[in-house]
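Here's a friendly tour for anyone meeting this structure for the first time. Have a look at the picture, then read on.

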Amino acid sequence: MSDYGKRGHDEMMDNAAEISRLGELIGEEREEAFRSLVKQHGGMVYGCARRIVGDHETAEDVCQAVFVLLFRKASTMKKEVSVAGWLYRTATFVARDTLKLARRRQARDRGPTLAKAAGDPWEELAKHLDAGMGELSDTDRHALLLRFF
């Protein structure tokens, strides 16, 4: 196994152990372990959410919701889980649900919606990136997440 592959695998196992411990810890130890996970994976979760919702404030809300879910589910997660993969998948689901709710609210209220910048070149690319990530096997998706996020 290459140094990078070993490091990525070791990181994934350390994170999984940290996640499973998160449910057992209390007080400041728990907060510090959680803070470490947010620091390590927050950018990836935010980036995923931002590409889907296209709005900074909404992406921050999605990011916060994802980490709240992680905090709540930590004690029930299996040690073999890929933390990066779980966070990416959950961010995708939460962001899409957020858009659905916004569309429903707009239809009901006939008010403003989540606006995407007109002519934003990343908008089209983000659709293809997320669709491609969704089509990958778990193993391939986790490898890309470990490499680029």
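How many helices and strands does the secondary structure of the chain come to? There are 6 helices and 0 strands, where helices (H or I, at least four residues) and strands (E, at least two) are DSSP runs numbered from the N terminus. Read from the N terminus on, the elements go α-α-α-α-α-α.

A quick word on ground rules. This is a predicted model, in which local features need pLDDT of at least 70 and side-chain atom pairs count only at pLDDT 80 or more, while totals for chains, interfaces and linings use all residues. Residues are numbered from 1 along each chain as its sequence is written, and side-chain values use heavy atoms, with hydrogens and water left out.

The pLDDT (the predictor's confidence in each residue, from 0 to 100) averages 77 for the chain, and 73% of the residues score at least 70. Confidence is lowest in helix 1 and highest in helix 3:

| Helix | Residues | Mean pLDDT |
|---|---|---|
| helix 1 | residues 3–22 | 50 |
| helix 3 | residues 56–73 | 92 |

Over residues 1–10 the pLDDT is below 50, and this stretch has 5 contacts in the model beyond near neighbours in sequence; a contact means heavy atoms within 4.5 Å. Where pLDDT is low, the predicted coordinates should not be read in detail.

**The chain as a whole**

Of the 149 residues, 35% count as buried, which is to say under 20% relative accessible area (1.4 Å probe, protein chains only). Take the contacts between residues at least 6 apart in sequence: 65% of them join residues at least 24 apart.

**A look at helix 3**

Helix 3 has 18 residues, so at 1.5 Å a residue it should span 26 Å, and its end C-alpha atoms agree, being 26 Å apart. That expected span is 1.5 Å times one less than the number of residues. At the start of helix 3, a side-chain oxygen of Asp55 comes to within 3.5 Å of the backbone nitrogen of Glu57. The buried residues of this helix are Thr58, Ala59, Val62, Cys63, Val66, Phe67 and Leu70.

**What about the cysteines?**

The structure holds 0 disulfides, a disulfide being a pair of cysteine sulfur atoms within 2.5 Å. Cys48 counts as buried because its relative accessibility is 0%. Cys63 is buried too, with a relative accessible area of 13%.

How values were computed
Buried < 20%, exposed > 50% of the residue type's maximum accessible area, 1.4 Å probe, protein only. Polar contact = N/O pair within 3.5 Å; in protein donor to acceptor, adjacent residues only side chain to side chain.
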